[in-house]
Amino acid sequence: MDQPLPKFRIMGMRVAEAFSLVIDPEKPLKFQMDDAQDEFQDEIQVEENLNTPIQVEEISVKKQKPVVRDDPDALFFGSDDLQDENQLENDEIQVENEEDDLVPFNLEDDESDLVEIKPPVFLKNCITMLREEDPGKQEVALKNCENLIQNCNKSLLDEGAEALVKTLLSLQDTFSIPNFNSFRLSSLVQLTSRSPEICARYLGSAFYANNFNLQQRVDILHVLSKSAMNLSGFEFQDDADHLVANISQLQLEPKNQVEKSKSKFQLEQPDFQLEIKKRIESNTRRWGSTRKKSASRVNHFRQHVSAFFFPLLAKFDDPKNPFDLFGSESFILARLVQTLGIFLECYGDGDVLGTSLGTTLLDFIWNFRFQDERSVRRSILFSVSRVILLLPSYYLQAHMDDQISELVYWLQGVVEDDADDECRSLAGYSLHKLHSRLQIENNP
């Protein structure tokens, strides 16, 4: 109670009062601590505890939990790891339940895949089989498609031609069928040859469509050119290599010996005696001898040339075209110009429509005659040679005087300066033919 701190003094007085109750219950100590009691009312209440008798029986010893010591080698799983572990256990239970519900697979071989598939008899069946995702049916339909088209009735073929050409053009080699592309292209050629108006117009419009790739566009040009040859009855190589064989026999004169004429280009003239002999032979009738007559043929392509030619030029300058004809995809331009030249070759002699076709093609190719790609230049020169042969000589003289001068000047430049041998040969061939035709017109 001598402590300077009031808390300790009060506690000392409390203890003294409690001991005095034990020592002398009749005269216990009583200190006056009214203010201090109010101040420290939350202190230990010794009185109440001392007045309460202690019952030993009520003392219950709490059981202590056994101390669990962590194993330093044990793995510690966090809350996320525990959740993942629980999830894995639940998934395993679910998988086991699902496996119990699975029906066993039938391993008995019924040899249904060995049953021979019957070839289609009607055009509708062929289209259906081509569209199915069954490799066997697709292969059988593709192999018999050309035969079916060839033997089909014309009216029935025209009715299903558009559906069939769409199916064949979009067909992909998903099942690695042997000779897939050969069967597909031959069927397309046969279909376009037998139903030219419907198929040619569709293929011409599909050439500029957005849903076809470059290979399909090349296939379109191939099918159109082959079909034109079939309809016309002509047979020649697509890339005009037959011209190069004839051109290699021509000998160009030196530049200083070229006369300053309209053509400004000359070739070795044929022997006049040989020419006279040929003319006499052709006009001489010999009695008692027979001549083999050449088999006549009807050019069916002439009545369908508009369906082949003009759709390929309709959207050439459309800015929405899906390919770059003057850039990285210039080979498409080369094939396009070559195909148009083949159309003129298949058309034959030039009449009013042929003259229109020739002038249209010449105007079309004139704007990009200075292309860097040699394949494009070769195609342009091939088409120019076809235009010169198609247009009548009187038309060349009367209506194309200025264009002929520009054409001759350009062809001479190709002969002298072009780095490609075939381009120079084709230009020389065109100059030779142009010069011959103008001479015929001047000297009838």
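Me: Which residues form the nonpolar patch on the surface?
Reply: In this predicted model, the nonpolar patch on the surface is formed by Val15, Phe19, Leu21, Val22 and Ile23. Together they have about 520 Å² of accessible area.

Me: Where is Val22 placed?
Reply: Val22 sits in helix α1, which covers residues 6-23.

Me: And is Val22 buried or exposed?
Reply: Val22 is exposed, and its relative accessible area is 65%.

Me: OK, the whole chain now. How many helices and strands are there?
Reply: The chain has 20 helices and zero strands.

Me: How much of the chain is buried?
Reply: The chain has 444 residues, and 36% of them are buried. The accessible surface of the chain is about 29,900 Å². Carbon and sulfur atoms account for 50% of that surface.

Me: What about contacts between residues at least 6 apart in sequence?
Reply: Of those contacts in the chain, 71% join residues at least 24 apart.

Me: Switching to helix packing. At what angle do α7 and α9 pack?
Reply: Helix α7 (residues 154-170) and helix α9 (residues 196-206) pack at about 35°, and their axes are 9 Å apart. The crossing of α7 past α9 is right-handed.

Me: Which residues make that contact?
Reply: On α7 they are Asp158, Ala161, Glu162, Val165, Lys166 and Leu169. On α9 they are Ile198, Cys199, Tyr202, Leu203 and Ala206.

Me: Which residue does Lys166 form a salt bridge with?
Reply: Lys166 pairs with Glu162 in a salt bridge, and their closest N and O atoms are 3.5 Å apart.

Me: Where are Lys166 and Glu162 relative to each other in helix α7?
Reply: Lys166 and Glu162 are four residues apart in helix α7, so about one helical turn separates them. Lys166 is partly exposed at 37% relative accessibility, and Glu162 is partly exposed too, with a relative accessible area of 39%.

Me: Why can side chains pair like that?
Reply: Side chains of opposite charge can pair because their charged atoms come close.

Me: How many salt bridges are there?
Reply: The count comes to 13 salt bridges.

Me: What does Arg374 pair with?
Reply: The side chain of Arg374 meets that of Asp420 in a salt bridge, at 3.6 Å from N to O. Arg374 lies in helix α17 (residues 374-390), while Asp420 lies in the loop between α19 (401-417) and α20 (421-442). The pair therefore ties together parts that are 46 residues apart in sequence.

Me: Is Asp420 buried or exposed?
Reply: Asp420 is buried, with a relative accessible area of 7%.

Me: How accessible are Arg378 and Glu422?
Reply: Arg378 is partly exposed, with a relative accessible area of 24%. Glu422 has a relative accessible area of 17% and counts as buried, because the cut-off for buried is under 20%.

Definitions and conventions: Residues numbered from 1 in each chain as written. Predicted model: local features only at pLDDT ≥ 70, side-chain atom pairs only at ≥ 80, totals over all residues. Heavy atoms only, no water. Patch = residues over 30% accessible without salt bridge, like charges linked within 9 Å, V, L, I, M, F, W, Y side chains within 5 Å. Areas by Shrake-Rupley, 256 points an atom, 1.4 Å probe, with all protein chains shown as cover. Salt bridge = Lys/Arg side-chain N within 4 Å of Asp/Glu carboxyl O. Helix = DSSP H or I, 4+ residues; strand = E, 2+ residues; numbered from the N terminus. Buried < 20%, exposed > 50% of the residue type's maximum accessible area, 1.4 Å probe, protein only. Axes fitted to C-alpha atoms, helices over the stretch in contact; angles between N-to-C directions. Left-handed = near helix turned anticlockwise from the far one by under 90°. Contact = heavy atoms within 4.5 Å.
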